[in-house]
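I opened the model today to look up a few local features. My entries follow in the order in which I checked them.

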Amino acid sequence: MTNLTIKEIENIFLVGDVTEDFLASCRKDARKSVQTILRRYERTQREQERLDAMYVYERAAIAAGHAIVAGVDEAGRGPLAGPVAVAAVILPQECYLPHLNDSKKLSHAVREELFAQITEQAVSYHVALMDAEMIDRMNILQATRTGMYEAIGALTPAPDEVLIDAVELPKLSMPSQSIIKGDAKSASIAAASILAKVTRDRLMEAYDERYPNYGFAKHKGYGTREHIEAIQRYGICSLHRKSFEPIRSMLNIM
């Protein structure tokens with residue numbers, strides 16, 4: 001190793017001709033630059049292994065003869081205001097998207113970057129929006145399911161199998177799996193979670209301009225103290241879910 005320059009070591013990592021003996025030698029190398037290169041390589045390897053593991057469900061579906069696999073997830077079931085956004089997406093097989101994960105675990109910047117990559121590379125995708133009126137009329141679970149059926153139905157080509165985060169969809173015409181915490185386990189569901197969250201966040205930011213009293217751009221409709229105080233001061237707007245507490249109790253008092 002001492003006979004190799006830093007540039008030569010970098011080239012070995014870049015070319016991919018990395019053996020266990022070579023890695024062992026790098027770990028013993030006292031040069032700080034070599035240790036920096038080694039740490040970067042090991043981080044990249046861990047990320048590739050994590051992403052590879054996120055295709056376990058997709059590979060199982062393909063092995064069962066279901067070549068076209070869709071992932072489905074939602075964003076916004078818990079807020080007091082705004083729609084629930086439901087996304088369905090079909091990724092190319094083994095699509096490599098660095099940092100792909102449950103949207104809640106990602107920074108705003110990474111979500112935005114992945115949103116662009118997913119919408120550019122996806123075979124097909126669709127985001128359905130179920131508004132507050134529909135949520136109040138149907139309840140949040142049924143509105144979410146309705147949105148999922150709509151989003152899946154809009155995909156072209158139609159999927160052979162659907163992977164869903166936590167929710168069961170018994171009326172689907174194709175096989176499906178409901179996976180608990182699927183947005184952290186399945187690449188397709190993770191991609192759908194990002195499409196749903198980014199779409200909804202952007203919409204709530206746009207609504208903030210129409211309804212500036214509530215702070216929608218900041219809390220995205222969730223029940224923060226600031227949001228509840230705004231409701232107490234200004235009342236509700238058309239985006240608010242009247243069936244959700246504490247709004248329902250507040251309306252009864254009013």
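I then checked Arg40, which lies in helix 3 (residues 32–53). Helices are DSSP runs (H or I, at least four residues) and strands likewise (E, at least two), numbered from the N terminus. Arg40 is partly exposed at 40% relative accessible area; buried means under 20%, exposed over 50%, and partly exposed in between.

**Basis of the entries**

The model is predicted, with local features needing pLDDT of at least 70 and side-chain atom pairs pLDDT 80 or more, while totals for chains, interfaces and linings use all residues. Residues are numbered from 1 along each chain as its sequence is written, and side-chain values use heavy atoms, without hydrogens and water.

**Helix 10**

Which residues of helix 10 are buried? In this helix (residues 225–234) I listed His227, Ala230 and Ile231. Seen down the helix axis, the buried residues fall within an arc of 100 degrees, so they line one face of helix 10. The arc is taken from the directions from the axis to the C-beta atoms. On the other side, Arg225, Gln232 and Arg233 are exposed. Gly235 follows helix 10 and has a positive phi, near 80 degrees.

**Cis peptide bonds**

I noted a cis bond from Thr156 to Pro157, with omega near 5 degrees. Pro157 sits in the loop between helix 7 (140–153) and strand 4 (161–165). Glu245 and Pro246 are also joined by a cis peptide bond, with omega about 10 degrees. I placed Pro246 in the loop between helix 10 and helix 11 (247–253).

Glu94 is not a glycine, yet its phi is positive, about 60 degrees. I found Glu94 in the loop between strand 2 (84–90) and helix 5 (108–121), partly exposed at 43% relative accessible area.

Lys220 has a positive phi of about 60 degrees and is not a glycine either. Its loop runs between helix 9 (216–219) and helix 10.

How values were computed
Buried means under 20% relative accessible area, exposed over 50%, partly exposed in between (1.4 Å probe, protein chains only).
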